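The following note records points for discussion with colleagues. It takes up side-chain pairs, strand arrangement and packing in turn.

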Amino acid sequence: MTSVYEFTPRYLEIDGQGVMFNGWYLAYVDEAMGHFIDARGVPFSRWQELGVDVQLVHADLDWKSGIGLGDRVQVPVRTARIGTTSFTLEFEFRRGEEVACTVSVVYVVVAADGSGSTAVPPEIAAAIS
């Protein structure tokens, strides 16, 4: 099952080449990840109640074409893997059927008290699987 986040790039996100500046892709990945966990019923407020947080530890981005001003972009998100202390989400930046960029992100679950990585809580694993 996937979740789809949608956005239209703002003027300030467009670079001199007329396409969305590369740094904004990861900013939108954060937005899409938040939308994804909200849609799955485990918003960040619930993570706090469970005593955990999450950190991005690895990201792979593959650009195929530029996203321009006024483009309506859909970002489907899906879970690729759930491990003991981490999980991987995959994102596609789409304009209709065209995939402009794909992103794979590994997140590590950490204890909210700062003591380090911890197991993915069963409630979260079930929600995102």
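1. With which residue does Glu6 form a salt bridge? In this predicted model, the partner of Glu6 is Arg72, and the closest N and O atoms of the two are 3.3 Å apart. The pair brings together distant parts of the chain, 66 residues apart: Glu6 belongs to strand β1 (residues 3-7), whereas Arg72 lies in the loop between β2 (52-63) and β3 (73-82). Glu6 has a relative accessible area of 40% and is therefore partly exposed. Arg72, with a relative accessible area of 43%, is likewise partly exposed.

2. The search of the whole structure finds eight salt bridges. Among them is the one in which the side chains of Arg10 and Glu13 meet, with 2.7 Å from N to O. Arg10 is partly exposed, at 43% relative accessibility, whereas Glu13 has a relative accessible area of 1%. Glu13 counts as buried because its value is under the 20% limit.

3. A further salt bridge joins Arg78 and Glu90, whose closest N and O atoms are 2.6 Å apart. This pair also links distant parts of the chain, with Arg78 in strand β3 and Glu90 in strand β4 (residues 86-95), 12 residues apart. Both ends are partly exposed: the relative accessibility is 38% for Arg78 and 28% for Glu90. Elsewhere, salt bridges with shared partners connect Arg46, Glu49 and Glu123 in one network.

4. The aromatic residues form the next topic. How many aromatic pairs does the count give? The count comes to eight. One of these pairs is Phe7 with Tyr28, which is stacked, with 3.6 Å from centre to centre and 15 degrees between the planes. Phe7 in strand β1 and Tyr28 in helix α1 (residues 23-39) are 21 residues apart, and their pair links distant parts of the chain. Phe7 is buried, with a relative accessible area of 4%, and Tyr28 is buried as well, at 8%.

5. Why is the pair of Trp47 and Phe87 described as tilted? The ring centres of Trp47 and Phe87 are 6.2 Å apart and the planes stand at 55 degrees. Trp47 and Phe87 are both buried. A cluster of aromatic residues is made up of Tyr5, Phe7, Tyr25, Tyr28, Trp63 and Phe93.

6. The strands are arranged in an open sheet of five, in the order β1-β3-β4-β5-β2, and the pairing is antiparallel. β1 and β2 are the edge strands, each pairing on one side only. From one strand to the next, the twist averages 25 degrees. Strand β4 is joined to strand β5 (residues 98-111) by 10 bridges, and these two strands run antiparallel. The bridge partner of Phe93 in β5 is Cys101.

7. The largest nonpolar core contains 35 residues, of which Trp47, Val75, Phe87, Phe91, Phe93 and Tyr107 touch the most other members. At least two residues of this core come from each of β1, α1, β2, β3, β4, β5 and α3 (122-128). Helix α1 gives the most, with seven residues. Apart from residues up to four places away in sequence, Val75 touches Ser3, Val4, Tyr5, Phe7, Ala32, Phe91, Glu92 and Phe93. Phe7, which belongs to the stacked pair with Tyr28, is thus one of the residues that Val75 touches.

8. Finally, Arg81 may be examined in strand β3. Is Arg81 buried or partly exposed? Arg81 has a relative accessible area of 36% and is therefore partly exposed. Its contacts, not counting residues up to four places away in sequence, are Ser86, Phe87, Thr88 and Val106. Arg81 and Val106 are 25 residues apart along the chain, and their C-alpha atoms are separated by 8.9 Å.

Technical notes
Residues numbered from 1 in each chain as written. Predicted model: local features only at pLDDT ≥ 70, side-chain atom pairs only at ≥ 80, totals over all residues. Heavy atoms only, no water. Salt bridge = Lys/Arg side-chain N within 4 Å of Asp/Glu carboxyl O. Helix = DSSP H or I, 4+ residues; strand = E, 2+ residues; numbered from the N terminus. Buried < 20%, exposed > 50% of the residue type's maximum accessible area, 1.4 Å probe, protein only. Phe/Tyr/Trp six-rings, centres within 6.5 Å; stacked < 30°, edge-to-face > 60°. Pairing = 2+ DSSP bridges. Axes fitted to C-alpha atoms, helices over the stretch in contact; angles between N-to-C directions. Core = buried A, V, L, I, M, F, W, Y, C linked by side-chain atoms within 4.5 Å. Contact = heavy atoms within 4.5 Å.
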